[in-house]
Amino acid sequence: MTAPDVDEKPYKIIFDGKGCIGSGKCAEVSENWEMNLETGLAQARSHYVDEEELEHNLDAARVCPARNGEGVITVIDRETGEEVEP
């Protein structure tokens, strides 16, 4: 799968599925996240988002309790390569 143009979707979501504990908190606050009933883990509908979708994906990263409270969702600015602060 090819990534969309940076101008169209300037943010990338990195998800560490191995660290997901299946709490579903991300899916409660973001329409981009859902729980996979087969695996019991979260999954993003899209790993590339635009400005309009950014805030609720940051909310998903903020509320994730996995990995000792640090979460397993990271949002990256594709132009700078830096993590977007939640």
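How many nonpolar, polar and charged residues are in the lining of the largest cavity? The lining has 10 nonpolar, three polar and one charged residues. This is a predicted model, in which local features need pLDDT of at least 70, side-chain atom pairs count only at pLDDT 80 or more, and totals for chains, interfaces and linings use all residues. Residues are numbered from 1 along each chain as its sequence is written, and side-chain values use heavy atoms, with hydrogens and water left out.

**Cavity**

- Rolling a probe the size of a water molecule over the atoms shows where empty space is left.
- The structure holds one cavity of 30 Å³ or more.
- A cavity here is a set of points, on a 1 Å grid over the protein atoms alone, where a 1.4 Å probe fits but cannot get out.
- The volume of the largest cavity is about 80 Å³; a volume is the space filled by probe spheres set on the grid points, which are joined across faces, edges and corners.
- Its lining counts 14 residues, where a lining residue has an atom within 4 Å of a point.
- Cys20, Ser23, Cys26, Ala42 and Cys64 lie nearest the cavity centre.
- For the classes, Ala, Val, Leu, Ile, Met, Phe, Trp, Tyr, Cys and Pro count as nonpolar, Asp, Glu, Lys and Arg as charged, and the others, Gly among them, as polar.

- Strands of a sheet pair through backbone hydrogen bonds, either parallel or antiparallel.
- Strands (E, at least two residues) and helices (H or I, at least four) are DSSP runs, numbered from the N terminus.
- Two strands pair if DSSP finds at least two bridges between them.
- Three strands make an open sheet in the order S4-S1-S5, with antiparallel pairing.
- Strand S4 (48–49) and S5 stand at the edges with a single partner strand each, so one side of each has no neighbour in the sheet.
- S1 (residues 11–15) pairs with S4 over two bridges, in the antiparallel sense.
- Tyr11 has Val49 of S4 as its bridge partner.
- S1 and S5 run antiparallel and are joined by five bridges.
- Lys12 is bridged to Ile76 in S5, and Phe15 stands opposite Ile73 in S5.
- Four of the five residues of S5 are buried, that is, under 20% relative accessible area; exposed is over 50% and partly exposed in between (1.4 Å probe, protein chains only).
- Helix H2 lies across S1, S4 and S5, running at about 145 degrees to S5.
- That angle runs from 0 to 180 degrees between N-to-C directions, with axes as lines fitted to C-alpha atoms, for helices over the stretch in contact.

**Hairpin**

- S2 (residues 33–36) and S3 (residues 41–44) pair in the antiparallel sense over four bridges.
- Trp33 has Ala44 of S3 as its bridge partner.
- S2 and S3 form a hairpin with four residues between them.
- Gly40, in the turn, has a positive phi of about 75 degrees.

**Tyr48, in strand S4**

- Tyr48 belongs to S4 and is buried, at 18% relative accessible area.
- Leaving aside neighbours within four places in sequence, Tyr48 is in contact (heavy atoms within 4.5 Å) with Ala3, Pro4, Lys9, Tyr11, Lys12, Glu53 and Arg78.
- Tyr48 and Asp5 are 43 residues apart in sequence and 9.6 Å apart in space, C-alpha to C-alpha.

**Loop and tail residues**

- Gly24 sits in the loop between S1 and helix H1 (25–29).
- Gly24 is buried, with a relative accessible area of 10%.
- Gly24 and Gln43 are 19 residues apart in sequence, with C-alpha atoms 9.7 Å apart.
- Arg67 is in the loop between H2 (51–63) and S5 (73–77).
- Arg67 counts as partly exposed, because its relative accessibility is 39%.
- Apart from neighbours within four places in sequence, Arg67 is in contact with Asp16, Gly19 and Val72.
- Glu82 lies in the segment after S5 and is exposed, at 53% relative accessible area.
- Beyond neighbours within four places in sequence, Glu82 is in contact with Val75, Ile76 and Asp77.
- Glu82 and Tyr11 are 71 residues apart along the chain, and their C-alpha atoms are separated by 10.0 Å.

Note on methods:
On a 1 Å grid over the protein atoms alone, a cavity is a set of points where a 1.4 Å probe fits but cannot get out, and a pocket is an open set with protein on both sides within 12 Å along at least five of seven lines; lining residues have an atom within 4 Å of a point.
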